[in-house]
Amino acid sequence: MCAKYYKHPTAVVESDEVGEETRIWHFVHIREKARIGRNCNIGKGVYVDTEVEIGNNVKIQNFVSVYRGVKIEDDVFIGPSVTFTNDLYPRAFIWDEQKIIPTVVKRGASIGAGSTILCGITIGEYAMVGAGSVVTKDVSPFSLVYGNPARVRGFVCYCGKKLSEVIEEDSNKTIYMCVCGKTVEIKREWLKCLP
């Protein structure tokens, strides 16, 4: 049976669960039991550990490390050299699968180049993590975070542009209008858990 995805000859794909029209480039290693959705682009030198879950239409740039315990939902962008962790207390001489702490990247989120994502957090829908950030806490939906440690610097639209024009506000939410014409609702409850 012919694979319905593209695999460069130098890539090692041990998983049987790779979706149609996905492209896997030079020197990628995808371990057994990893699940990768349809129409993904897995860049040069990417490592995808066993049991990692990657949704549809995900773009993972070169030299990213995605370790066991990470779940990436649909339409996510991961910039070059991003690293996900999976153990809060790593020691070379102590390893147990129970030490793996899950991390979730929600639909539409983007993570900039060279960022490090501490395990056990959730990056919310359509959030934007700036390049070189160290993310140590949950990121609420549509938040723009960057720095070391990453802190909230504003909110972004579905299109990725920073939001500034408030068109409606009450005790439960703020609605912004983006330059692209879309509106984005930021719920007050999200502000309580911002880093």
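Figure 1. At 23% relative accessibility, Arg 31 counts as partly exposed; residues are called buried under 20% relative accessible area, exposed over 50%, and partly exposed in between (1.4 Å probe, protein chains only). Glu 14 is likewise partly exposed, with a relative accessible area of 35%. The model is predicted, so local features need pLDDT of at least 70 and side-chain atom pairs count only at pLDDT 80 or more, while totals for chains, interfaces and linings use all residues. Residues are numbered from 1 along each chain as its sequence is written, and side-chain values use heavy atoms, with hydrogens and water left out. A salt bridge joins the side chains of Glu 14 and Arg 31 (3.7 Å, N to O). This pair links distant parts of the chain, 17 residues apart: Glu 14 is in the loop between strand E2 (12-13) and strand E3 (17-18), and Arg 31 is in the loop between strand E5 (29-30) and strand E6 (35-36). A salt bridge here is a side-chain nitrogen of Lys or Arg within 4 Å of a carboxyl oxygen of Asp or Glu. Glu 14, Arg 31, Glu 32 and Asp 49 are linked in a network of such bridges, and the count by this rule comes to 14 salt bridges.

**Figure 2. Two further salt bridges.** Glu 73 and Lys 106 form a salt bridge in which the closest N and O atoms are 3.6 Å apart. Glu 73 lies in the loop between E12 and strand E13 (77-78), and Lys 106 in the loop between E15 and strand E16 (110-111), so the pair ties together parts that are 33 residues apart in sequence. Lys 106 counts as partly exposed, at 24% relative accessibility. In the salt bridge of Asp 170 with Lys 173, the closest N and O atoms are 2.7 Å apart. Asp 170 is partly exposed at 28%, whereas Lys 173 counts as buried at 18%.

Figure 3. Nine strands form an open sheet with mixed pairing, in the order E1-E4-E7-E10-E13-E16-E19-E21-E22. Its edge strands, E1 (6-7) and E22 (150-155), each pair on one side only. Strands (E, at least two residues) and helices (H or I, at least four) are DSSP runs numbered from the N terminus, and two strands pair if DSSP finds at least two bridges between them. Strand E19 (residues 128-129) and E21 pair in the parallel sense over two bridges, and the bridge partner of Met 128 in E21 is Leu 144. E21 and E22 pair in the antiparallel sense over five bridges and form a hairpin with two residues between them.

**Figure 4. The surroundings of Ser 140.** Ser 140 lies in the loop between strand E20 (134-135) and strand E21 (143-147). This residue is buried, with a relative accessible area of 4%. Its side chain is joined to that of Ser 143 by a polar contact of 2.6 Å. A polar contact is a pair of N or O atoms within 3.5 Å; within protein, one must be able to donate a hydrogen and the other to accept it, and residues adjacent in sequence count only if both atoms are side-chain atoms.

**Figure 5. Tyr 89 in its loop.** Tyr 89 is placed in the loop between strand E14 (83-84) and strand E15 (103-105). At 63% relative accessibility, Tyr 89 counts as exposed.
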